Amino acid sequence: MTVAAENVVIAVKLSSDIVTARQAGRELAAKLGFSLTDCTMISTAISEIARNITSYAGTGEIHLSVDDREGRQALVVQARDQGPGIRDIPRALEDGYSTGRGLGLGLPGARRLMDRLTIDSAPGRGTLVEMWKWVPNGA
């Protein structure tokens with residue numbers, strides 16, 4: 001069965017937008033048939049990457065969609081910004097590494113909560129974090 005395509009875009013400028021993005025992700029996940037635990041994991045991962053936008057880039061967007069990834073349907077979350085970029089992506093994915101005042105758990109934590117997480121970034125050209133969770137069978 002194919003899940004109907006749905007695209008949601010949330011502008012992230014203020015800390016209250018983090019809550020909006022988190023709630024939109026939770027609602028879409030529930031609509032797609034994810035368990036309560038998975039809905040919580042998805043919304044937490046969205047919260048982490050949205051917080052990175054407000055902390056490091058100032059503004060950006062969270063895109064939520066249902067799309068094909070590796071031959072399966074997935075709830076796809078993309079976080080885009082035009083911030084300073086990430087100099088060392090492997091290091092940014094290590095627990096405890098932070099260039100700011102955070103604990104350095106956001107990106108590594110989001111990676112653990114989702115089925116996949118990729119980062120496309122370079123200094124001076126912003127960041128695209130894409131993460132997804134496979135849609136449950138029978139959805």
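Which residues does valine 77 touch, not counting residues up to four places away in sequence? They are Ile46, Ile49, Ile62, His63, Leu64, Met114, Val129, Glu130 and Met131, where a contact means heavy atoms within 4.5 Å. Before going on, a word on the model: it is predicted, so local features need pLDDT of at least 70 and side-chain atom pairs count only at pLDDT 80 or more, while totals for chains, interfaces and linings use all residues. Numbering starts from 1 along each chain as its sequence is written, and side-chain values use heavy atoms, with hydrogens and water left out.

Now the overall layout. The chain has four helices and five strands, taken as DSSP runs (helices H or I, at least four residues; strands E, at least two) and numbered from the N terminus. Read from that end, the order is β-α-α-β-β-α-α-β-β. Of the 139 residues, 41% count as buried, meaning under 20% relative accessible area with a 1.4 Å probe and protein chains only; over 50% is exposed, and in between is partly exposed. Among contacts between residues at least 6 apart in sequence, 60% join residues at least 24 apart.

Back to Val77, which is among the residues with the most contacts inside the largest nonpolar core, along with Ile49, Ile62 and Met131. That core has 33 residues; such a core is a set of buried Ala, Val, Leu, Ile, Met, Phe, Trp, Tyr and Cys residues joined through side-chain atoms within 4.5 Å. At least two residues each come from β1, α1, α2, β2, β3, α4, β4 and β5, and α2 gives the most, with seven.

So how does α2 sit against α4? Their axes (lines fitted to C-alpha atoms over the stretch in contact, with angles from 0 to 180 degrees between N-to-C directions) come within 9 Å and cross at roughly 155°. That makes the two helices roughly antiparallel, the label for angles over 145 degrees. On the α2 side, Met41, Thr44, Ala45, Glu48, Ile49 and Asn52 meet Gly106, Leu107, Ala110 and Leu113 of α4. These contact residues divide into six nonpolar, three polar and one charged; Ala, Val, Leu, Ile, Met, Phe, Trp, Tyr, Cys and Pro count as nonpolar, Asp, Glu, Lys and Arg as charged, and the others, Gly among them, as polar.

Helix α4 spans residues 106-113, and its buried residues are Gly106, Leu107, Pro108, Gly109 and Ala110. Their cover includes α2, α3, β4 and β5.

Finally, look at aspartate 68 in strand β2. Aspartate 68 counts as partly exposed because its relative accessibility is 45%.

Terms used: Parallel < 35°, antiparallel > 145°, perpendicular 65-115°, else oblique.
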